[in-house]
Amino acid sequence: MAVDALAALIADRGPCVALTGAGMSTESGIPDFRSATGIWAEVDPYEVASIDAFHRDPERVWRWYASRIHSLLDAEPNRGHRTLAALERAGHVQAVVTQNIDTLHTRAGSVEVVEVHGSIRRATCLACATPEPVDGVLEQLESGPVPRCRACGAVLKPDVVMFGELLPVGPFARAERLARETGLLLVVGSSLQVWPAAGLPETAIAHGGALAIVNDEETPFDWQADVVARGPAGETLSAVAALLDAGGSS
Ligand code: APR
């Protein structure tokens with residue numbers, strides 16, 4: 001069974017580095033992007049989540065992000081998040097590299113979290129780099145269509161990586177280093193279609209690491225994986241943690 005094979009692989013090659021995507025948070029009620037029921041089936045990312053759209057029509061982009069930030073803040077970590085945190089405490093997970101902006105790994109208790117696509121924690125002024133915490137952003141959005149920099153008045157941009165933008169240099173360099181040095185990269189809930197994060201499995205393999213994938217659907221990297229567990233992230237991870245005696249969480 002894939003769950004037994006995954007537990008054995010973690011015991012043998014761990015501590016692992018987890019690479020998580022939107023499928024990690026669907027069990028918290030947050031839709032993913034590329035499933036049949038995903039966000040990009042409803043809305044065109046180039047209209048609401050690209051840097052071009054932001055420059056062209058920041059009000060439209062902020063309307064979309066305002067509702068997204070509210071729903072992400074309302075969501076709670078699920079047992080998959082909690083299990084990764086338990087696996088970290090038990091020494092089986094070295095770090096979580098996440099493409100998610102929802103902060104749920106940190107809220108679940110994971111300590112070493114690398115957010116390669118930014119997060120909803122704050123917005124930053126593109127003109128003078130002054131940051132604004134999310135509470136201040138939401139407060140401003142109650143009285144106006146876009147939040148503005150308190151120092152210079154320019155429109156703020158959420159600290160998330162939009163289509164057409166480069167990834168934050170420090171976090172992505174750290175993610176690449178983790179992928180190079182780990183004995184096992186464990187991908188959870190990502191379609192592995194978005195680069196450069198989708199390059200991390202090959203980085204791990206090229207440096208001698210093993211690859212495991214926990215995902216509902218096929219990914220382009222399944223053929224390179226030592227173990228593929230097809231199924232819900234929360235259930236799969238808690239079954240694996242129970243086998244490792246590391247506090248599967250219900
Ligand atoms: N358990 C396991 N897998 C799941 C679950 C679940 N509960 N729910 C969904 N999945 C799978 C889906 O089948 C899909 O293959 O998770 C994958 C999610 O893939 P995407 O929606 O493409 O999300 P992700 O890989 O994180 O996307 C990367 O794309 O638009 C951007 O910036 C956004 O960070 C995001 C990036």
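A pocket is taken here, on a 1 Å grid over the protein atoms alone, as an open set of points where a 1.4 Å probe fits, with protein on both sides within 12 Å along at least five of seven lines. The structure is a predicted model, in which local features need pLDDT of at least 70 and side-chain atom pairs count only at pLDDT 80 or more, while totals for chains, interfaces and linings use all residues. Residues are numbered from 1 along each chain as its sequence is written, and side-chain values use heavy atoms, with hydrogens and water left out.

The largest pocket holds about 830 Å³ of space, a volume being the space filled by probe spheres set on the grid points. Its lining comprises 47 residues (an atom within 4 Å of a point), and those closest to the centre are Ala22, Phe33, Arg34, Gln99 and Asn100. Both α4 (58-74) and β8 (210-215) give two or more residues to this lining, with α4 contributing the most, four residues.

It is in this largest pocket that the ligand sits, meaning that more than half of its atoms lie within 2 Å of the grid points. Around the ligand are 23 residues, of which Ala22, Phe33, Arg34, Ser190 and Ser191 come nearest (a heavy atom within 4 Å counts as near).

Polar contacts (N or O pairs within 3.5 Å) complete the picture. A polar side-chain atom of Asn215 lies 2.8 Å from a ligand oxygen, and a backbone N or O atom of Gln99 is 3.2 Å from an oxygen atom of the ligand.

Note on methods: Polar contact = N/O pair within 3.5 Å; in protein donor to acceptor, adjacent residues only side chain to side chain.
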